[in-house]
Every structure is written in C-alpha cells, then in structure tokens.
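Student: Hi! Could you walk me through a few spots in this one?
Tutor: Happy to, let's bring it up.

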Amino acid sequence: MFVHIETRKRDQLPWATVGVAVVSVAAFGLLQALDEAATRAALVRYGMSPEMLAGIWSSPDARGAMHVLRAAFASIAMHVNWLHLLGNLVFLLIFGPPGERLLGPLRWLLLFLLCGAVANLAGAATLAGSAAPIVGASGAVSAAVGAYLALFPRSRLGLVLPLGLFLEFVRIPTAWLIGVWALMQAVFAWIDPSFGRVAWSIHLAGFLAGVVFALASRPAIARRQRN
C-alpha cells in the first residue's frame with residue numbers, strides 16, 4: 001500500500017480532491033439506486049462508447065461529436081462496482097492533495113477533468129469495435145499520478161510491506177514505484193487494451209497526459225508561489 005509522505009505543512013483543505021471524491025461516491029450511489037434497466041440505460045447514455053467514437057470518425061456529425069464529448073467527461077464520475085470506485089479513491093486521495101496544493105484547486109480540477117476526458121477518448125480509440133461503454137475515473141486518477149511524478153520527481157513514498165507476521169514501513173523513491181506502475185500499464189496495454197476487463201490504455205493515456213499537463217503548468221506554479 002502506498003502512503004504519501006508530506007514534506008510541507010498542510011495549510012489548506014484540498015477541496016477539489018475532496019469534491020471529486022464526494023461526487024464520485026454520490027454518482028455511484030445514484031446508479032446503485034436505479035433498477036437494472038435504468039442503470040444500463042444510464043451507462044449507455046453517459047458512458048464513453050468506443051462504437052460511438054468510431055461512428056463519429058466514419059460519419060462526422062456535430063450533434064454526435066457533442067454527445068461523444070459529453071460522454072468523455074460524464075463517464076469520469078461513473079463506477080459500476082465498489083471495488084472499482086474504492087481503487088480509484090485510494091489513488092486519488094494519495095496523489096491528489098499534494099498536486100492540488102502545488103497547482104491550486106482550479107488548475108488541479110482542470111487537470112483531472114481534461115486529462116480524464118483525453119484518456120477516455122484515447123481508450124475508446126484503442127478499443128474500437130467494442131460496444132461496452134467505458135466508465136470510471138481511472139484515466140483521470142492516472143493523470144493525477146502522472147502529475148505527481150512530474151511535480152515531485154525526487155520525493156519518496158511510504159510503502160507498507162508484509163514481512164512474515166510484521167508490517168515493515170519503508171520509504172522508496174517515487175520515480176521507482178510510479179515507474180513500475182506505468183510500465184505495467186504499458187505492458188498490459190500492449191498485450192491487450194482490455195486485458196482482464198481493464199482498459200489499460202486509458203491508464204497509460206491519462207498518466208502521460210498528466211505528466212504533460214504538470215510540466216506545462218510550471219510557469220503558472222512559479223507565479224502562484226511568488227504570490
């Protein structure tokens with residue numbers, strides 16, 4: 001399990017990260033309150049469909065393009081089971097707050113939504129031919145992980161390792177841990193973008209988009225720190 005080791009005093013509540021978590025939980029609760037038919041209809045209507053994206057490429061249409069764009073953002077908040085939701089929330093709450101404190105809440109929220117949408121579109125492109133909608137914040141959370149690496153390349157993460165009957169807490173360079181994680185995403189995406197019913201290409205695309213966004217934000221971060 002990863003544990004972020006904070007190197008600066010926590011001076012403000014990361015409201016953007018907390019807000020994203022609350023919206024994700026609320027959206028999941030709403031989906032769970034629907035019957036099976038209504039849930040399926042919501043997933044089709046708001047999920048990012050590879051089939052729908054392929055249709056836009058073959059027959060460009062303004063209304064269809066807006067539908068695809070809406071789905072790219074709306075699908076970020078949708079999760080179909082507790083395991084999927086909790087997995088994303090764990091990574092979100094570890095890597096989100098440090099990045100938000102450095103980028104600022106509004107810029108971090110832009111990172112999360114924009115890179116998440118880009119990741120969903122990239123995932124839909126690699127899964128062309130599939131009718132199953134893509135949902136979940138995995139791409140957006142992967143962007144937060146990528147941004148964390150770009151913003152704190154020399155930081156260390158705490159790792160809890162089970163050693164026999166005891167748990168050992170060790171500090172390992174962030175670049176090593178996240179690098180191994182990113183390599184796994186790339187390998188599984190190369191084997192099969194939907195290997196194990198996980199859209200690995202979305203994770204990889206979100207991660208790369210997050211790195212690029214964070215690097216491009218360095219001038220804005222410098223101005224923010226001066227002020």
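This is a predicted model: local features need pLDDT of at least 70, side-chain atom pairs count only at pLDDT 80 or more; totals for chains, interfaces and linings use all residues.

Student: Where is Gln 185 found?
Tutor: Gln 185 lies in helix α8, which covers residues 174–191.

Student: Is Gln 185 buried or exposed?
Tutor: Buried: its relative accessible area is 3%, and the cut-off for buried is under 20%.

Student: What does the side chain of Gln 185 reach?
Tutor: The backbone oxygen of Trp 181, at 3.0 Å.

Student: And leaving aside neighbours within four places in sequence, what is Gln 185 in contact with?
Tutor: Trp 200, His 203 and Leu 204.

Student: New topic: at what angle do α5 and α6 pack?
Tutor: Helix α5 (residues 82–103) and helix α6 (residues 105–126) pack at about 130°, and their axes are 7 Å apart. That angle makes α5 oblique to α6. The crossing is right-handed.

Student: Which residues make the contact?
Tutor: From α5, they are Leu 92, Gly 96, Gly 99, Glu 100 and Leu 103; α6 brings Pro 105, Arg 107, Trp 108, Leu 111 and Phe 112. By class, this contact of α5 with α6 has 6 nonpolar, 2 polar and 2 charged residues.

Student: How do the axes of α1 and α6 cross?
Tutor: At roughly 40°, with the axes of α1 (residues 15–33) and α6 coming within 8 Å. So α1 is oblique to α6.

Student: Who's touching whom there?
Tutor: Trp 15, Ala 16, Thr 17 and Val 20 of α1 meet Pro 105, Leu 106, Trp 108, Leu 109 and Phe 112 of α6.

Student: And how many of those are charged, in the contact of α1 with α6?
Tutor: None; the residues there are 8 nonpolar and 1 polar.

Conventions. Residues are numbered from 1 along each chain as its sequence is written. Side-chain values use heavy atoms; hydrogens and water are left out. Helices (H or I, at least four residues) and strands (E, at least two) are DSSP runs, numbered from the N terminus. Buried means under 20% relative accessible area, exposed over 50%, partly exposed in between (1.4 Å probe, protein chains only). A polar contact is a pair of N or O atoms within 3.5 Å; within protein, one must be able to donate a hydrogen and the other to accept it, and residues adjacent in sequence count only if both atoms are side-chain atoms. Contact means heavy atoms within 4.5 Å. Axes are lines fitted to C-alpha atoms, for helices over the stretch in contact, and angles run from 0 to 180 degrees between N-to-C directions. Angles under 35 degrees count as roughly parallel, over 145 as roughly antiparallel, 65 to 115 as roughly perpendicular and the rest as oblique. A crossing is left-handed if the near helix is turned anticlockwise from the far one by less than a right angle, and right-handed if clockwise. Ala, Val, Leu, Ile, Met, Phe, Trp, Tyr, Cys and Pro count as nonpolar, Asp, Glu, Lys and Arg as charged, and the others, Gly among them, as polar.
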